[in-house]
Amino acid sequence: MPKIRQLSPETVNRIAAGEVIERPASVVKELVENAIDADAREIEVVTAGGGLSLIRVSDDGHGMGPEDLTLAIQRHATSKLDESDLFDIRHLGFRGEALPSIGSIAELTIASRLAGARDAYEIAIERGAERGLRPAAINRGTRVEVRALFSATPARLKFLKSERAEAMAVSEVVKRLAMAHPGIGFALANGERTGLRLPPVPPTPDGLLE
């Protein structure tokens, strides 16, 4: 009988990632929800290869400074949950799992500029290996790029559908989030072609959406 052994942290993270990230649409959902939580008014999603080659989500939200960027790729690190009351959930994402999970199974780069800050920074994590902070060129907000999704867990690839089907799943996720947040503008591009553009709906004088 084989002996029980402790799995390495890298393997544990990759296994845990499967509970959060099932397909490219899962990545888009997590990243767009982060942008919404950051009070973005415009969100752009770009994909290639059905999201397996590239997923890029850009927003004009409040951004992150270098300290928060460093923490963002650590497991169980979040600004959205008050430990004194685990039932007080006010954000779409609160577990602190999405970004480190993505980074453990793909190539993840996050560039961000805090509102009012002069400098921007980016941090990268490649299949669990952190690349550290460095200067970046970006306006206020955050840009997250995910490349080579599931390259660290190739067995997951055989459970995915065609690139077209995965791209359609991404589109459905963006449409649902856009319908739930009409005050935010959304754009979705597949490669070089913009397939969806939904401008924000301005509120009426009484504060309701038209």
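Ala, Val, Leu, Ile, Met, Phe, Trp, Tyr, Cys and Pro count here as nonpolar, Asp, Glu, Lys and Arg as charged, and the others, Gly among them, as polar. The model is predicted: local features need pLDDT of at least 70, side-chain atom pairs count only at pLDDT 80 or more, and totals for chains, interfaces and linings use all residues. Residues are numbered from 1 along each chain as its sequence is written, and side-chain values use heavy atoms, without hydrogens and water.

**View 1. Helix H5 and its cover.** H5 spans residues 163–180; helices (H or I, at least four residues) and strands (E, at least two) are DSSP runs, numbered from the N terminus. Its 18 residues reach 26 Å from first C-alpha to last. Buried residues (under 20% relative accessible area, 1.4 Å probe, protein chains only) include Glu166, Val170 and Leu177. Their cover includes helix H2 (24–37) and strands E1 (42–48), E7 (185–190) and E8 (193–198).

**View 2. The second largest pocket.** Its volume, the space filled by probe spheres set on grid points joined across faces, edges and corners, is about 210 Å³. A pocket is an open set of points on a 1 Å grid over the protein atoms alone, where a 1.4 Å probe fits, with protein on both sides within 12 Å along at least five of seven lines; lining residues have an atom within 4 Å of a point. H5 gives the most to the lining, five residues. The lining holds six nonpolar, four polar and two charged residues.

**View 3. Strand E3 between partners.** E3 (107–113) pairs antiparallel with E4 (120–126) over six bridges; pairing needs at least two DSSP bridges. Glu107 faces Glu126. E3 also pairs antiparallel with E6 (141–147), over seven bridges.

Definitions and conventions: Expected span 1.5 Å × (residues − 1). Buried < 20%, exposed > 50% of the residue type's maximum accessible area, 1.4 Å probe, protein only. Contact = heavy atoms within 4.5 Å.
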